[in-house]
Amino acid sequence: MKYKLLIVVLMVCILSACQRSKDKTQDAISAEVVEKSETEFVEAISEDNNKNLVSKVQLSQELLKKGLKPLKYTIKDNPAGGNNNLLTLSISFENDFNKILYINILDENGLETARAKLEVKGEKGHADYFDVMFRKDVEIKAKSSILVE
């Protein structure tokens, strides 16, 4: 009888220990899933915000004196490949203009990360959109500066 009681007590202890381990494992898995979901959410928000944090386009004083005015710009993925490497500029013209412009992308430290040439023709009183395509390995990042000279 003692042995039966001892076996029953041992079985109850083993089962309760297993149940406790199971509960702790489930809690740990749940916490890990929540943490992973939170991380993915924060990264997605950061990624979306990065697209909205790009610095303004700056035209050189020489171009401003010649009557060019930046209106709007967008940065998208180039259909030919790459991320955030297609810059579309809208420029208005106060005077007739026909010249090659140089577009420089600078990182947050002021170091040049990319450069492109763009032939721009415009008539006085008009505005137009111009696409500037950078290489596939170029990415215009948050806090980048875009200089047009």
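A residue is called buried under 20% relative accessible area, exposed over 50% and partly exposed in between, with a 1.4 Å probe and protein chains only. The legends below describe a predicted model, in which local features need pLDDT of at least 70 and side-chain atom pairs count only at pLDDT 80 or more, while totals for chains, interfaces and linings use all residues. Residues are numbered from 1 along each chain as its sequence is written, and side-chain values use heavy atoms, with hydrogens and water left out.

**View A. The aromatic rings of Phe93 and Phe130.** Rings of Phe, Tyr and Trp (its six-membered ring) pair if their centres lie within 6.5 Å, with planes under 30 degrees apart counted as stacked, over 60 as edge-to-face and the rest as tilted; by this rule there are two aromatic pairs. In the pair shown, the ring centres of Phe93 and Phe130 are 6.3 Å apart and the planes stand at 85°, so the pair is edge-to-face. Because Phe93 belongs to strand S3 and Phe130 to strand S6 (residues 127–133), this pair ties together parts that are 37 residues apart in sequence. Strands (E, at least two residues) are DSSP runs, numbered from the N terminus. Phe93 is buried at 3% relative accessibility, and Phe130 is likewise buried, at 9%. Phe93, Phe97 and Phe130 form one aromatic cluster.

**View B. The open sheet with strand order S1-S7-S4-S5.** Two strands pair if DSSP finds at least two bridges between them, and the four strands of this open sheet show mixed pairing. Its edge strands, each pairing on one side only, are S1 (57–59) and S5 (112–122). Neighbouring strands are turned by 20° against each other on average, direction ignored, where axes are lines fitted to C-alpha atoms and angles run from 0 to 180 degrees between N-to-C directions. S1 runs parallel to strand S7 (residues 145–148), to which three bridges join it, and Leu59 stands opposite Val148 in S7. S4 pairs with S7 in the antiparallel sense over four bridges, with Ile103 opposite Val148 in S7.

**View C. The hairpin of S4 and S5.** Strand S4 (residues 97–106) and S5 are joined by ten bridges in the antiparallel sense, and Phe97 stands opposite Gly122 in S5. Five residues lie between the two strands, and Gly110 in the turn has a positive phi of about 85°.

**View D. Asn84 in a loop.** Asn84 lies between strand S2 (68–76) and strand S3 (86–93), and its phi is near 50°, a positive value in a residue other than glycine. Asn84 is buried, with a relative accessible area of 13%.
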